[in-house]
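Hi there,

Here is the structure I promised to pass on to you. Have a look at it first, and my notes follow below.

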Amino acid sequence: MDVPGWLLKEYSISNDFHSDDELWSAVNNIFSSRVRYTTSYKFCFLKAILDNIYNVNENLELKMVDIFARFTEIYWNLVVKHHLNQIRKGRHKKASITILIEETKERNMACPEMPFERLTQVERDRLVTGAVRYCSINVVGALCTDFRFIVYGFDKQKTHIKFNYFAYIFLLKYAYIIGKLNYFEWIKFLESVNDKEVAYDIAGCLDDSSQRTDLSRYRKLLLEDLHNHRCFYCGCELNNSCEVDHFIPWSFVKDDKAWNFVQACKNCNGSKKDKLAGPQYMGGIITRNKEILRMPLLVESFKADFDGYRDERLPEMYKSAAFNGFEVGWEPKV
């Protein structure tokens with residue numbers, strides 16, 4: 001390719017075979033000193049891809065709007081709550097995403113503690129649309145190039161990215177490890193472009209920016225809409241004191257979707273933490289998801305959560321989390 005990556009307008013990916021060694025070499029290239037970072041976009045774009053890795057369609061495509069919805073949600077906290085600069089000093093004083101978020105913040109008179117999900121749907125959609133328009137211009141082609149053109153391609157209108165089959169299987173297998181590498185380099189970048197006083201505990205800021213704070217709609221789904229008033233794990237009566245648990249731990253999947261949530265008592269939720277429940281619980285959550293999908297009103301309310309959902313997804317994630325070192329076989333204390 002003679003065109004610089006950031007100027008690449010489109011790229012059609014093939015399904016040629018690539019070995020794990022070849023793909024690891026491409027990943028290592030992203031984080032090498034040869035690659036220049038002027039903004040933190042590529043770090044966040046890669047994280048948004050990894051967070052959506054189980055949301056591809058049957059053609060191994062991810063919609064750009066879904067990637068940038070996650071992209072924007074992460075940046076909201078980094079900019080609004082933690083005031084972190086996202087660009088090296090140069091001719092631009094602020095990154096485009098910072099400008100878009102600050103305009104949204106002013107328009108909504110948002111305080112620093114206001115989470116992204118508290119914005120109206122109209123404002124969230126407006127912000128995500130702006131991010132797709134202004135922030136995808138260079139980063140999509142740049143990361144494609146840094147991956148040595150073997151991981152994904154994209155269309156001219158940048159409506160989606162499409163994975164090479166072998167690269168997709170590789171990302172499923174190693175997403176957690178790649179995410180850790182990405183975090184490490186992202187932290188180093190943010191430390192280099194922010195004052196020490198602002199850059200304190202950047203790792204904590206990144207974790208904080210990734211987690212949704214308001215899970216009340218999921219608590220309502222589990223308790224009221226599905227009438228599940230017993231703990232998914234130990235079976236005790238919940239009496240409206242339901243906690244929302246990620247069946248596949250949030251520290252692995254870094255995503256909040258209805259198909260991965262179960263109702264839990266305080267003891268079970270606190271004891272399980274980031275462990276994997278015993279495999280005997282898998283059938284229960286898959287059956288529960290089938291129940292939701294048979295209820296048109298619930299499917300409509302949580303449409304984005306179930307786009308592309310398949311029953312095989314949870315076992316795939318479970319196996320991948322176990323491969324990446326998450327403890328398997330947690331059970332409630334008797």
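The protein exposes about 16,400 Å², and carbon and sulfur atoms supply 53% of that area. Please keep in mind that this is a predicted model. Of its 334 residues, 53% are buried.

On overall form, the C-alpha trace spans about 60 × 50 × 40 Å along its principal axes. The radius of gyration is 20 Å, which agrees with the value near 20 Å for a compact globule of 334 residues. The protein has 14 helices and seven strands. Among contacts with a separation of 6 or more, 74% are between residues 24 or more positions apart.

Next, the inside. The largest nonpolar core holds 117 residues, and F45, F71, Y152, I161, F163, Y233 and F247 touch the most other members. Helix α6 (residues 165-193) gives this core its largest share, 14 residues. Leaving aside residues up to four places away in sequence, F163 touches several residues, including I13, I49, V56, L62, Y152 and L171.

I also looked at helix α11 (residues 282-293), whose twelve residues reach 17 Å from first C-alpha to last, close to the expected 16 Å. Its buried residues are M282, I285, I286, R288, N289 and I292. They lie on the same side of α11, because they cover an arc of only 160 degrees around the axis. What do the buried residues of α11 pack against? Their partners are α8 (216-225), β5 (261-264), α12 (296-301), α13 (303-306) and α14 (313-323).

Conventions:
Residues numbered from 1 in each chain as written. Predicted model: local features only at pLDDT ≥ 70, side-chain atom pairs only at ≥ 80, totals over all residues. Heavy atoms only, no water. Core = buried A, V, L, I, M, F, W, Y, C linked by side-chain atoms within 4.5 Å. Buried < 20%, exposed > 50% of the residue type's maximum accessible area, 1.4 Å probe, protein only. Helix = DSSP H or I, 4+ residues; strand = E, 2+ residues; numbered from the N terminus. Contact = heavy atoms within 4.5 Å. Expected span 1.5 Å × (residues − 1). Arc of directions from axis to C-beta. Rg over C-alpha atoms; globule rule 2.2 N^0.38 Å. Areas by Shrake-Rupley, 256 points an atom, 1.4 Å probe, with all protein chains shown as cover.
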